[in-house]
Amino acid sequence: MPEEEKIVTNEKQTMPALALRGLTIYPQMMVHFDVGREASVKAIEEAMSSNSPIFLVAQKDLRVETPDRGQLFDIGTVSTVRQILRLPGKTIRVMVEGEYRARLLDLVQSEPYLAAQVERVEHPHAYEGKTNSLRAEAAIRQAYELFDRYCELAPKSASAEMLMNIMASEDPGYIADFIAQNVSMRVLDKQAILDELRPVQRLNKINRLLHREVEVLEMEQNIQRRVQENMTQNQKDAFLREQVRVIQEELGEDGDNEIAAYRRQIMEAKLPEEVTNKLLKEVGHLEKQPFGSAEASVLRNYLDVCLELPWTKTSKERASVSAARKVLDADHYGLEKVKERILEFVAVKQLAPDLKGQILCLVGPPGVGKTSIAMSVARALNRKLARISLGGVHDEADIRGHRKTYVGAMPGRIINAVRQAGTRNPLLLLDEIDKLGSDLRGDPSAALLEVLDSEQNSTFRDHFVELPFDLSEVLFITTANTTSTIPKPLLDRMEVIELPSYTDEEKLQIAKTHLLPKQRKRHGLRKSQVKCTDDAIREIIVAYTRESGVRVLERELGALCRKAAMGIVSGEYKQASVTGDNLEHFLGPRKFHPEKNGLESQVGLVNGLAWTAVGGTLLEAEANVVPGSGKVELTGNLGNVMKESARAAFTYIRSRAVQLGVEPNFYKEKDIHVHFPEGAVPKDGPSAGVTITTAMVSALTGIPVRGDVAMTGEVTLRGRVLPIGGLREKSMAALRNGIHTVIIPQDNETDLEEIDPTVRAALQFIPVSHVDQVLANALERPPLAQPEQTGGPVPVMAPETGAPHATIPQA
């Protein structure tokens, strides 16, 4: 009969049935298991009492309490109940012996227990005990080998006795059933073995399942071995750490708590993922360091700095134009255009809170309030303020920090300032950015290029922190006295706001509103104890200070308060009333006498105007002519540009000698010496060209220069007057020194709108485009042309002003 042929008896039997959960019973196998369901217990008792077989079939879903026909598999095992053992409760332990395979036809009863109608189904060679097939022999040998390996890998599930049991049999069907009964497999796999009626195919199927199970066990064993090795190493580490902990306790140290505290701080801080991973890694390195090692202290310092940084903390910004206006007006008097620009900036922030990249640079003379304006902006915007002084910084590491491996390493000034502010969106004031230096250790201005670039500073990496920190929310405000020393790439990243010098009237209001009350409070004086009239304050401004800002004025008011405090404490008087008449009693003799400057007209002495980093100043130029060979001597610590201006002026005078009334051969017979007083002070720039030219012409012609006139402008070889800068500061300097008339280049006429109305009303500005117009307005009388060139001395009138001038030659 072919192997595939099956024998199915038509004899149908009805017997008690038991639904098994997670268990499969095979023929010729003795199995014991526990029964707990009431219907199952009654089925066992019925089979035992009636001495009838019972049909054991597995259910598909283990969660079903009362299975129906659809929840049971088709093939089960008809078995005999051998023994029943009652356990505490309603559970019984039963031992059964499988007899043969049977197919479930139908469930004929469900109460009080299941009863099934089944029919026997078996292969004709199922129980012959031996086969002569070579395929069967090969399958049996493979089964021996696989089960032997399984017994080695799972000694608790299989034993050598089981191996001997299957080796004693040559029946492939029995061997397959025995292995399936004693090997841990899934329910579906066990049912698949039960469903297979052909012995050899059943053995091949169990070999495949057993092979997979052996591979799984080998993998589990490898994993377990690695885990065991790791556990062994971890146990060793734990033992060593415990020893270290005991030693630290003896020494008064507590290392474990420190490590745990660091980890807790890192996890509670809710830092970015990259930062968290980096810090946890550093904590792991710290944990492995021996007690007292130098690297441990470096790691502690690094962790402390990183945990203090405000990675996620921000302050709520108040972008309100009205609030900012109140703060700026309360803190500063005047500076209307500067305030207007700051309020425009705040208005943009109010409309576009996420706008980034605006970096302001406040440029102006010392003492005009650059730093205090930045502080007012921080207060108006409700941002934390951190100030960084860049004056004298010449090392790139001051900006970017040092690597933490260096001895004494620390973060750069930028990260330190952010840490000091405590928020990631502070206002950082970079003070004196024009005074950055550079040497062999790098250029700090180059390091600032990334800091002040909104496209790059969102991932700024300090060398010490080694992690990207977002600076895009930081508001940067820089201050400088001049933009000339700021590198162009750095200046290009900033929006320049110029703060002009204060007028005397503005200084008066600032002194009354801010400086005097501040000094009274600082020196412990009440308002009633020190009274200062407006005339006294004006006298202090004129006679005791010469500055663009109010810093010296504040010091003088402090000296006045100290003198008043001394008189009150000594009982000399109860109240100090300061007026213009008794001012010298408090401050001593007057330091400056500006009313005397420029009142006398002198030959060869011209009032020039210059711009410096501290504001405008009056720069006198003296020229003298002596017999000689045509030399031009320049003294007064002059720079190359001023020397070139003097040579250009000399050449122009030579080319116009006849028209200017100068002897044509003066450059052969006379030497000219031009000197700028205060020779210790370096001087440079092209704007002294008209001053030098006027001084030379006055000295050569003997015509005095008007003492109440000051001038500024660059001169070319053709006598054209070119525009200059710093007109506002220069005009204030002229007013402070008693000048009445200021000669300026024609192209600077539009700059008069920037000058304070008080200064504009007090001074007469004369725009000129040629040196002849300068001479016509600066000399007391017009120069006379030489008779041999014109037929007699003839003064020529300048058409622009109605004053005498020399004729401009046509090209």
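How many helices and strands are there in the protein? I counted 27 helices and 24 strands. I kept in mind that this is a predicted model.

**Entry 1. Overall figures**

The protein has 811 residues, and buried ones make up 48% of them.

**Entry 2. Helices α8 and α9**

I turned to helix packing. Two packed helices are described by the angle between their axes and the distance between the axes. I began with α8, residues 273-288, and α9, residues 294-308. Their axes are 10 Å apart, at an angle of about 155°. Angles over 145 degrees count as roughly antiparallel, so α8 is roughly antiparallel to α9. I noted a left-handed crossing for α8 and α9.

Which residues make the contact? From α8 I listed Lys278, Leu279, Glu282, Val283, His285 and Leu286. From α9 I listed Ala296, Leu299, Arg300, Tyr302, Leu303, Cys306 and Leu307. By type, the contact of α8 with α9 has 9 nonpolar residues, 1 polar and 3 charged.

**Entry 3. Helices α10 and α11**

I went on to α10, residues 321-331, and α11, residues 336-351. The packing angle is about 155°, and the axes are 9 Å apart. That makes α10 roughly antiparallel to α11. Is the crossing left-handed or right-handed? I found that α10 passes α11 in a right-handed crossing.

On the α10 side, the contact uses Val321, Ala324, Arg325, Leu328 and Asp329. On the α11 side, I noted Lys339, Ile342, Leu343, Val346, Ala347 and Gln350. The residues of the contact of α10 with α11 divide into 7 nonpolar, 1 polar and 3 charged.

**Entry 4. Aromatic pairs**

I searched for ring pairs next. The structure holds 6 aromatic pairs. I followed up Tyr174 with Phe178, whose ring centres are 6.0 Å apart. The planes are at 35°, and the pair is tilted. Both residues sit in helix α4, residues 172-182. Tyr174 and Phe178 are 4 residues apart there, about one turn of the helix. I checked burial too: Tyr174 and Phe178 are both buried.

I then opened the pair of Phe650 and Phe666. Why is the pair of Phe650 and Phe666 edge-to-face? The ring planes of Phe650 and Phe666 are at 75°, and planes over 60 degrees apart count as edge-to-face. The ring centres of Phe650 and Phe666 are 5.8 Å apart.

I located both residues. Phe650 lies in helix α21, residues 640-655, and Phe666 in helix α22, residues 666-669. The pair therefore ties together parts that are 16 residues apart in sequence. Phe650 has a relative accessible area of 12%, so Phe650 is buried. Phe666 is buried as well, with a relative accessible area of 1%. I also noted that Phe650, Phe666 and Tyr667 form one aromatic cluster.

**Entry 5. Helix α18**

I finished with α18, residues 534-543. Which residues of α18 are buried? I wrote down Ala536, Ile537, Ile540, Ile541 and Ala543. I then looked up what the buried residues of α18 pack against. Among the helices, I listed α17 (504-522), α19 (551-569) and α20 (583-587). Among the strands, I listed β14 (530-532) and β15 (576-578).

Conventions. Residues are numbered from 1 along each chain as its sequence is written. This is a predicted model: local features need pLDDT of at least 70, side-chain atom pairs count only at pLDDT 80 or more; totals for chains, interfaces and linings use all residues. Side-chain values use heavy atoms; hydrogens and water are left out. Axes are lines fitted to C-alpha atoms, for helices over the stretch in contact, and angles run from 0 to 180 degrees between N-to-C directions. Helices (H or I, at least four residues) and strands (E, at least two) are DSSP runs, numbered from the N terminus. Angles under 35 degrees count as roughly parallel, over 145 as roughly antiparallel, 65 to 115 as roughly perpendicular and the rest as oblique. A crossing is left-handed if the near helix is turned anticlockwise from the far one by less than a right angle, and right-handed if clockwise. Contact means heavy atoms within 4.5 Å. Ala, Val, Leu, Ile, Met, Phe, Trp, Tyr, Cys and Pro count as nonpolar, Asp, Glu, Lys and Arg as charged, and the others, Gly among them, as polar. Rings of Phe, Tyr and Trp (its six-membered ring) pair if their centres lie within 6.5 Å; planes under 30 degrees apart count as stacked, over 60 as edge-to-face and the rest as tilted. Buried means under 20% relative accessible area, exposed over 50%, partly exposed in between (1.4 Å probe, protein chains only).
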